[in-house]
Amino acid sequence: MAVHFPAAALSFTERPLLSTTDPAPHQMRIPGVDVGHDNLDTDNEVSLDFYRQVTSRDDMLVPLAEHHTADGVHSYYVLFDRSATWGIPGEPQLIAAHLQRDQTQRPVSFQQAPMPLAAMAQSWLIHRGCPPDAIGLNPKLGPPPADERTRALERRLAGDGDHYAMGHSYTRDDPDDMVVVVVLRALDERATSPFRVVVEEVDTDAWTHTLREGGFDTADEALQWCDDRLTGEASPLPPVRPAAAARRPTGLPTGPAARPPGRSR
C-alpha cells in the first residue's frame, strides 16, 4: 500500500504525516539513537548511506519513537533533528527512518523521509511494516496532546497516510509561536474538501499541543490560509464538508507556491 502526503511547492509527491518542536523540557536528559554501530559494514553502500544520514549526526537526533523487530531484521525510528532549527526556515524537523538487515545483521535496505508532523512519520513507518501499536511516541519527549480532539486526529492521520498526498508544509519553532502548517490533497477525487490544512500549535506555557484540520476546495485557498496563519491574520479553519456536499478539485496552482514568511530568529 502506498503512503502519500505532499512535499514542498505543491508538487504533491508520495510522502506521509507527524510533529515538531523542542522534544522535551530543558531539565530532561535527552536519549541517544541506538543504531547498532557494530553491525554496520563500511564496504556496504546501505551502511554508508545510513551512516551519512543518521549515525554521523546521532548526537543531534532524538528518538521520539523506535521499534526493533524480535529477529533484529527491521528497525523503525521517528527522529527529531535538533540541527534543523538552524537550517532552511520552515523545513520539517522530524525524520522517519526504516533500516532492514539480513540474517547476518548487516544492513540491506535503508529509507528515510523528512516529515513535518509526528503522526505523518508514524504513518510512513506503519505503511512500511511497523506495527501501529509499536511506534507510539515517548510521552516524556515532547508536549502531550492537549485534548481528545488532537489525539483522535493524530490516530486518523497515522492510519490514513495512504489517503493523502502532501503538497506543502512550514515549521516555525519560534517560542512565541510554535506552529506547523501542512497542506494535504485527498487522493480520492470524490473526497469531501479535497484539500486539507492540518495545523499543530504548541502552548509553551502549558507544554501541550493541539492539532486541528480544515477543508478547502482548492490548493490556492489552502495555501493562502497557511500564509495568513503565519502572518497572524488567519480566520478560523473552515470545517471539512460533509460527503453529500463533495465537489471535484479545481486543480493545482500554475506556479510554485510563495514561501511563507521566515522565522523570527
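The legends below describe several close-up views of one predicted model.

This is a predicted model, in which local features need pLDDT of at least 70 and side-chain atom pairs count only at pLDDT 80 or more, while totals for chains, interfaces and linings use all residues. Residues are numbered from 1 along each chain as its sequence is written, and side-chain values use heavy atoms, with hydrogens and water left out.

View 1. Helices (H or I, at least four residues) and strands (E, at least two) are DSSP runs, numbered from the N terminus. Two strands pair if DSSP finds at least two bridges between them. Strand 1 (residues 61-68) runs antiparallel to strand 2 and is joined to it by seven bridges, and His 68 has Ser 75 of strand 2 as its bridge partner. These two strands form a hairpin with five residues between them, and in the turn Gly 72 has a positive phi of about 75°. Strand 2 also pairs with strand 3 (residues 94-101), in the antiparallel sense and over seven bridges, where Leu 79 has Ile 95 as its bridge partner.

View 2. Thr 150, Leu 153, Glu 154, Leu 157 and Ala 158 are buried in helix 3. They cover an arc of only 135° around the axis, which puts them on the same side of helix 3; the arc is that of the directions from the helix axis to the C-beta atoms. Arg 149 and Arg 155, on the other side of helix 3, are exposed. The buried residues of the helix pack against helix 2 (118-126), strand 6 (177-186), strand 7 (195-203) and strand 8.

**View 3. Glu 213 in strand 8.** Glu 213 counts as buried because its relative accessibility is 18%. Its side chain makes a polar contact of 2.5 Å with the side chain of Arg 156, and another, of 3.1 Å, with the side chain of Arg 196. A polar contact is a pair of N or O atoms within 3.5 Å; within protein, one must be able to donate a hydrogen and the other to accept it, and residues adjacent in sequence count only if both atoms are side-chain atoms.

**View 4. Arg 172 in strand 5 (residues 164-174).** Arg 172 is buried, because its relative accessible area is 8%. A polar atom of the side chain of Arg 172 lies 2.8 Å from the backbone oxygen of Leu 230. Arg 172 and Pro 92 are 80 residues apart in sequence, and their C-alpha atoms are 9.2 Å apart in space.

Conventions: Buried means under 20% relative accessible area, exposed over 50%, partly exposed in between (1.4 Å probe, protein chains only). Contact means heavy atoms within 4.5 Å.
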